[in-house]
Amino acid sequence: MSFLMIITACGSGGDGTTSGNDDQADQDIRVDAKDKDFAVPDAEKQLALQNFMSVSPGEVFQALDKMGNVAWAEIVAGSTTDSYTSDYAAALNIGVRVSDAMVAVNQENRGQVMSYWRSIEGLAGQLGYGDRLGPVEDSLKVNFVLGNWSRIRRTLDNMFNSMEGLAQAERPSRRDRELGVLVTGSFIEGVQILSNHFATNFNQEDVDLLNQGVTLGNYIQELEGLNMQDDLVKQVTAGIKQMQRIIGDGNKTFSAQDVTQLKTISGNLIKRITTA
């Protein structure tokens, strides 16, 4: 049983209403809850904590933007290629484009946002998922007209949060599962952008944005669990492992040398992905 299910079960009646007796019962439950053993597995508790700590690229880049002095144009991958010979490469590049589109949103650059979006459409179309992007594009167009950049950011954030679902069928094939993992790799470009910025603007407090150890660890587990026999995926997995060894479990105190190493590793990874 998940935490949300536990909260729901303890907090309301089946019809959503409460009576006086129900109120008293709820109070009794709340008083006694600390003594109850809900038998939630440790693995599920850890998963809930990991999900709670996860943030989208839009949220990370907003935080970076508020620090000022960010040379966005110099630190993004900037590729708008919309097809690749390998579906694995196309899926990984969707993740890169999502991150770069988020940067363009922060700059309120409609032309760049749409350039990245057209690339995402092309790549999703190559994978056979293009028809699932219609509602996102409709929302982008409406909010461009309204000049509602916060809504545009939320639209792309929501797309990122449901990105794995982009490649999930009712009964997903192995291909769906593989591509569903690869398209969620936006954080690879995120690490590249952050490390590029902090390599020349090192600040011990601000560089904590690079503490993405939980995300990297989860991604490695998913990649290794699927055991994809593809040279690009193997190179990406090896590169992420290198980054994880530097970042650790998410509580790293970074040195300038750490940041430089992350910049080199992530930069090489992004170059390999975008030129595949």
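Is R174 buried, partly exposed or exposed? R174 is partly exposed, at a relative accessible area of 39%; buried means under 20%, exposed over 50% and partly exposed in between, with a 1.4 Å probe and protein chains only.

## Basis

This is a predicted model in which local features need pLDDT of at least 70 and side-chain atom pairs count only at pLDDT 80 or more, while totals for chains, interfaces and linings use all residues. Residues are numbered from 1 along each chain as its sequence is written, and side-chain values use heavy atoms, without hydrogens and water.

## Overall fold

The chain has 15 helices and zero strands; these are DSSP runs numbered from the N terminus, helices being H or I of at least four residues and strands E of at least two. Of the 276 residues, 42% are buried.

Contacts (heavy atoms within 4.5 Å) are counted between residues at least 6 apart in sequence, and 74% of them join residues at least 24 apart.

## Salt bridges

The structure holds seven salt bridges, each a side-chain nitrogen of Lys or Arg within 4 Å of a carboxyl oxygen of Asp or Glu. R174 pairs with E178 at 2.9 Å, N to O. Both lie in helix 11 (residues 174–182), four residues apart, or about one helical turn. E178 is buried at 7%.

E137 and R118 form another, with closest N and O atoms 2.7 Å apart. E137 belongs to helix 8 (residues 134–146) and R118 to helix 7 (residues 110–127), so the pair ties together parts 19 residues apart in sequence. E137 is buried at 12%, whereas R118 is partly exposed at 40%. A network of salt bridges links R118, E121, E137 and K141.
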